[in-house]
Amino acid sequence: MSARKAVKPLRSIAIFGAVGALVAGIALPAFASAKPSEAAPTTVQQLAAVDAQSLVVASQATAAPLARGIFSATTPEEIEKKKAEEAAAARAAAAASAASTAGTASSRFNTAGYALTSPGSGEVRYPLPMGSWNVSRTVGGAHNGADMLAPAGTPIYAAAGGVVRASAESIGGYGVAVMLDSVVGGQRVQTTYGHMLYGSRQVQAGQSVSAGQLIGYVGSTGRSTANHLHFEVWINGGLVEPMSWLSVNAG
């Protein structure tokens, strides 16, 4: 009786074992046949190709410039170079604009009846056309030049050839003015032309001019109450009376 009871559990264990073996025998071949197609072994060549692709992508990403403000770049040196190029372009545009203004100013003023070059000859010329002016006052007190009354728009000429020391739309009480450095008869001569019309200057600082060349037009800018040319003459650093100097030297 006792032996029969012991045999029954053993028989159950054997049956379960047989069933497990049967299931394993069916499932394992199917799994084994599917595994190679799902995970084929990776070759060294394939790994190298994947790494190469990754390197190419990384290289392309770092080569793309980053936009920083209005500059696309890169290094501080390239940014400074870009700034310098833009500043040079701005200066060139300003110079071209100034040259254009100087070149076309004569067409904006009525010079009918006046020559655009001072009449006469020699290295000294009158700064206004003869017969167009009269002197209201000259050197005396705190006044350092001769005031030559003339209609607005009367052409002003360089009294002597030389180099433009200053040319601006506002020079102190002179208003729109031009100043020239010349050498006449071995002497250093400085002449000043003040109170010109706005926008009428025909020359720029540093420019060489010849005697009798058109440099601007009569106006009443700066400390002025009427249209006239304020004309100054300095010789070797000393102030002289302009009209006397002209009468002796102008041809």
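## Buried, exposed and in between

A residue is called buried if its relative accessible area is under 20%, exposed if that area is over 50%, and partly exposed in between (1.4 Å probe, protein chains only).

Before we go on, a word on the model. This is a predicted model, in which local features need pLDDT of at least 70 and side-chain atom pairs count only at pLDDT 80 or more, while totals for chains, interfaces and linings use all residues. Residues are numbered from 1 along each chain as its sequence is written, and side-chain values use heavy atoms, with hydrogens and water left out.

## The chain as a whole

The protein chain has four helices and twelve strands. Helices (H or I, at least four residues) and strands (E, at least two) are DSSP runs, numbered from the N terminus. Of the 251 residues in the chain, 31% are buried.

The chain exposes about 14,800 Å², and carbon and sulfur atoms supply 62% of that area; the areas come from the Shrake-Rupley method with a 1.4 Å probe, and for residues only the protein chains shown count as cover. Now look at contacts, meaning heavy atoms within 4.5 Å. Among contacts between residues at least 6 apart in sequence, 62% join residues at least 24 apart.

## The nonpolar core

In soluble globular proteins, nonpolar side chains tend to be buried together. A nonpolar core is a set of buried Ala, Val, Leu, Ile, Met, Phe, Trp, Tyr and Cys residues joined through side-chain atoms within 4.5 Å. The largest one here has 30 residues, and those with the most contacts inside it are L128, I156, Y193, I215, L229, F231 and W245. Two or more residues come from each of β4, β7, β8, β11 (228-235) and α4 (242-249).

Which residues does W245 touch, leaving aside its neighbours within four places in sequence? Its partners are V124, A159, V189, F231, V233, I235, V240 and A250.

## Aromatic pairs

Rings of Phe, Tyr and Trp (its six-membered ring) pair if their centres lie within 6.5 Å; planes under 30 degrees apart count as stacked, over 60 as edge-to-face and the rest as tilted. The count comes to two aromatic pairs. One of them is Y126 with W133, a stacked pair with 6.0 Å from centre to centre and 20° between the planes. Y126 is buried, at 18% relative accessibility.

Y193 and F231 make a pair as well: their ring centres are 5.4 Å apart and their planes stand at 45°, so this pair is tilted. Y193 lies in strand β8 and F231 in strand β11, so the pair ties together parts that are 38 residues apart in sequence. Both Y193 and F231 are buried.

## Salt bridges

How many salt bridges does the structure hold? There are three, each with a side-chain nitrogen of Lys or Arg within 4 Å of a carboxyl oxygen of Asp or Glu. In the bridge between R137 and D147, the closest N and O atoms are 3.1 Å apart. R137 sits in strand β3 (residues 134-137) and D147 in strand β4 (residues 146-149), so they tie together parts that are ten residues apart in sequence. R137 is partly exposed at 47%, whereas D147 is buried at 5%.

D181 and R165 also form a salt bridge, at 2.9 Å from N to O. With D181 in strand β7 (residues 176-184) and R165 in strand β6 (residues 162-168), this pair ties together parts that are 16 residues apart in sequence. R201 and E169 form a bridge at 2.8 Å. This pair links distant parts of the chain, 32 residues apart: R201 is in the loop between β8 (187-196) and β9 (208-209), and E169 in the loop between β6 and β7. R201 is buried at 14%, and E169 is partly exposed at 29%.

Q190 lies in strand β8. The side chains of Q190 and D181 are joined by a polar contact of 3.4 Å. A polar contact is a pair of N or O atoms within 3.5 Å; within protein, one must be able to donate a hydrogen and the other to accept it, and residues adjacent in sequence count only if both atoms are side-chain atoms.

Now back to S220, found in the loop between β10 (214-217) and β11. The S220 side chain makes a polar contact of 2.8 Å with the side chain of S224. S220 and M196 are 24 residues apart in sequence and 6.3 Å apart in space, C-alpha to C-alpha.
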